[in-house]
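Hi everyone, thanks for coming. Let me put the model up, and then I'll walk you through a few parts of it.

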Amino acid sequence: MFNKNDVLEVEIIDQGTTGEGIGKIEGYALFVKDTVIGDIVRAKIMKAKKNYAFAKLIEIVKPSPYRVEPLCPKASSCGGCQLQAMSYQQQLKFKEDKVYNNLKRIGGITEFEMKPIMGMEELCLKGKEENGPFHYRNKAQFPVGMNRDGQIVSGFYAGRTHSIVEVDSCALGMQRSENVMPDCLTDEVIGVNEDIVSDEEEQKNVMSDVNACVMKLVKTFMEEKGIQPYDEKSHKGLVRHGLIRIGAKTGQVMVCVVINGEELPYAKELVERLLTISGMSDISININKEKNNVILGKKIISLYGPGYIEDYIGDVKFRISPLSFFQVNPTQTEKLYGKALEYAGLTGNETVWDLYCGIGSISLFLARSAKKVIGVEIVPEAIQDARINAEINGIENAEFLVGAAEEVVPKYFEEHQGEAECRPDVIVVDPPRKGCDETLLKTMVEMAPERIVYVSCDSATLARDLKWLEGNGYKVREVTPCDMFGQTVHVETIVLLSHKSLDSHINVKIEF
């Protein structure tokens, strides 16, 4: 039995689902953050249990062949990137194994075809391909607070805490493309914010980073006007978060300042400063006075712009508001939706239900190849966006219903059982991390589609739901992981299920 503060040398032989390395000494497991399979390390036990302990990395005695030098100096302290020290090919293997093991262990599913993970190699930095992809996120949410010296800071929360690690420029954040829009800071802004740049190379990097530009301006504005950041413990202070979205193909920029109040003092002046960032298209404040960890409240007050920005996935155009759910990685989203469309096996004659449809992003892809698509989403603003998105893309065969899928779909099925729409050919479901409610799964089975396409952001809850579906008339046919979140432990998964009694009628574009 080992005790707290013991320092041990151990080889890392496995990787936990949240990215920590796992070593064993005489059968006793050590979970060591910031380690990679193949590392030999010295680690100090911080919390000891009967059969395992959590330990802190002290020294890397011998580095793993899969270890790379993280590009971000805050990679270890920030809670956003758990895998930056791992080579990208090993990251992909880790994610494939995570999906496969969850389906097998949690779901008890053993007979299915597992396709190779769809990686994002084209987004890897040139000359640093081993490190993997960076600068792919079109959305960033920066908490704002005060450090011990009384200075206003922004950044990201340290892992499993609400302590802010000061970061202005995230290595995952999308940077300005020279092919889309010009540099983000004008000479006037650089003059006001000389602290942003020191030499030509640093100036070039910062000027390409819209997130850094925005947060520098916001913090400088707060300091000059005496506006206090929000404090979670006292529930005092005004500015809670800065939300930034960037249109990957349009170059449009959205800024939403989340506040613990009804108005932002000197808002007009902040707007004037933000408008010096080229591409700035929409500026708003979001009211969130709740004592919780939810970032956005329900009320948006527009300060400038139409209330949205626009962007594309493939050739489908979308309007995106501050409250919209929109995939953060547009390059990989095209692959994800393409695979979902392939699994749906549409010929133009099918009726499709798209559950948890958001702003209609998958629905509109499906609608161009289906007879009719019915989307369901609980957020009214998202449904409003979905209907507008259908209109601006000239899509007339998509209908959208507001409400929780686990409530709307069973009620609709009960009230319209004799109608063809209650017997869809395909159901596509893309639930939140918690997975599907069993009431919804039961209704899906009663609707008896030939195919179910399940898109998941959590392979553990996916495995649980697939186990239920396999026990109630469906068979998992094919699974494809998709890396949407390089450098992190998260992975998307697309699954094709078919009705066991309808195998002979399946007509999809793949072979089993």
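Let's start with a pair: glycine 23 stands opposite leucine 30 in β3. Before going on, a word on the source: this is a predicted model, where local features need pLDDT of at least 70, side-chain atom pairs count only at pLDDT 80 or more, and totals for chains, interfaces and linings use all residues. Residues are numbered from 1 along each chain as its sequence is written, and side-chain values use heavy atoms, leaving out hydrogens and water.

Back to our strands, which are DSSP runs (E, at least two residues; helices are H or I, at least four), numbered from the N terminus. β2 (residues 21-25) pairs with β3 (residues 28-32) in the antiparallel sense, over five bridges; pairing takes at least two DSSP bridges. Both belong to a five-strand barrel, closed in the order β1-β2-β3-β5-β4 with mixed pairing.

Now to the largest nonpolar core, with 127 residues. Such a core is a set of buried Ala, Val, Leu, Ile, Met, Phe, Trp, Tyr and Cys residues joined through side-chain atoms within 4.5 Å, where buried means under 20% relative accessible area with a 1.4 Å probe, protein chains only. Val214, Trp353, Leu355, Val453 and Leu466 have the most contacts inside it. Helix α4 gives the largest share, eight residues. Apart from this core lies another, of 13 residues, including Leu8 and our Leu30.

Last stop, α5 (residues 267-274): which of its residues are buried? They are Ala267, Leu270, Val271, Arg273 and Leu274. Their arc around the axis, taken from directions to the C-beta atoms, is only 165°, so they sit on the same side of α5.

Note on methods
Buried < 20%, exposed > 50% of the residue type's maximum accessible area, 1.4 Å probe, protein only.
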